[in-house]
Amino acid sequence: MVDKQCIESIASKHGCKDCRWISGGDVKVCQWVRFKCTFGCDSYGKKGTCPPAVPSIPECREFFSEYDHILVLRITSTLDDPNDRKEWSRKKNLALLLLEHEVFLAGHHKAFLLFMDECRLCNECPGTREGCLKPAMARPCPEALGVDVFSTVRKAGFPIEVLTEYSQEMNSYAFLLVE
Ligand code: SF4
């Protein structure tokens, strides 16, 4: 039994007040997302939580199908200096890991977090799962698992747009899967 109110209050305590529930069936997992990671993303092959160091698209689909409750967490930012993004993202994802841990301790043994951005916990990443420097803490982001984040969060009623200028507010989304 998922106590949604309890989990939302834990999320709020960790600074995530804007969140909505979806189910695993609402998560759109697409092959085209994997192609965009493979051809066009600088992080391909450079992160232990990004393609190709992640499960296949069919495996990702099966993974999401095993969860009836997913809390989508909206995190907004407008950073003055583009160079601040990596550190900001690292701190946010570290805070989200504490949230996942607290939800786990509240009795939700399947609690699993997807970072709001690629894993940036370490300055240098070996680029493989086997070589990961913090294997217990590393988590993939939804995109790395083939999630069409735009369609999925829009369906949940959240805003998300392609940004054309750095000064625009950015909407990022982390997923907390629970049961
Ligand atoms: S925890 Fe560190 S080594 Fe592991 S995937 Fe993340 S950045 Fe790479």
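This is a predicted model: local features need pLDDT of at least 70, side-chain atom pairs count only at pLDDT 80 or more; totals for chains, interfaces and linings use all residues.
## Overall build

Let's start with the big picture. The protein chain has five helices and four strands, and along the sequence they come in the order α-β-α-α-β-α-β-α-β. The C-alpha trace spans about 40 × 35 × 30 Å along its principal axes.

How does the radius of gyration compare with that of a compact globule? A compact globule of 179 residues would come in near 16 Å, and the protein chain has 15 Å, so the two agree. As for burial, 34% of the 179 residues count as buried. Take the contacts with a separation of 6 or more, and 78% of them are between residues 24 or more positions apart.

## How the strands pair

Strand β2 (residues 69-77) pairs with β1 and also with β4. With β1 (residues 19-22) it runs antiparallel, joined by four bridges; Trp-21 has Leu-71 in β2 as its bridge partner.

The pairing of β2 with β4 is antiparallel too, and here there are nine bridges. One example is Ile-70, whose bridge partner in β4 is Leu-177.

## The nonpolar core

The largest nonpolar core holds 42 residues, and the ones touching the most other members are Leu-71, Val-72, Leu-73, Ala-174 and Leu-176. Strand β4 (residues 170-178) supplies the largest share of this core, with six residues.

Ala-174 is worth a click in your viewer. Setting aside neighbours within four places in sequence, Ala-174 is in contact with Leu-73, Ile-75, Leu-96, Leu-113, Leu-114, Phe-115 and Met-116.

## Around the ligand

Which residues come nearest to the ligand? Out of the 14 around it, those are Gly-48, Cys-119, Cys-122, Cys-125 and Cys-132. Sorted by class, the shell has nine nonpolar, two polar and three charged residues.

## A look at Phe-158

Phe-158 sits in the loop between α5 (149-155) and β4. Is Phe-158 buried or partly exposed? A residue needs 20 or more C-beta neighbours within 10 Å to be buried. Phe-158 has 19 inside that distance, so it counts as partly exposed.

Beyond neighbours within four places in sequence, the contacts of Phe-158 are Arg-20, Val-72, Arg-74, Val-153, Asn-171 and Tyr-173. His-101, on the other hand, is 57 residues from Phe-158 in sequence and 25 Å from it in space, C-alpha to C-alpha.

Terms used. Residues are numbered from 1 along each chain as its sequence is written. A nonpolar core is a set of buried Ala, Val, Leu, Ile, Met, Phe, Trp, Tyr and Cys residues joined through C-beta atoms within 7 Å. A residue is buried if 20 or more other C-beta atoms lie within 10 Å of its own, exposed if 12 or fewer, and partly exposed in between; C-beta atoms are placed from the backbone. Helices (H or I, at least four residues) and strands (E, at least two) are DSSP runs, numbered from the N terminus. Two residues are in contact if their C-beta atoms, placed from the backbone, lie within 7 Å. A residue is near a molecule or strand if its C-beta atom, placed from the backbone, lies within 6 Å of it. Ala, Val, Leu, Ile, Met, Phe, Trp, Tyr, Cys and Pro count as nonpolar, Asp, Glu, Lys and Arg as charged, and the others, Gly among them, as polar. The radius of gyration is taken over C-alpha atoms; the globule rule is 2.2 Å times the number of residues to the power 0.38. Two strands pair if DSSP finds at least two bridges between them.
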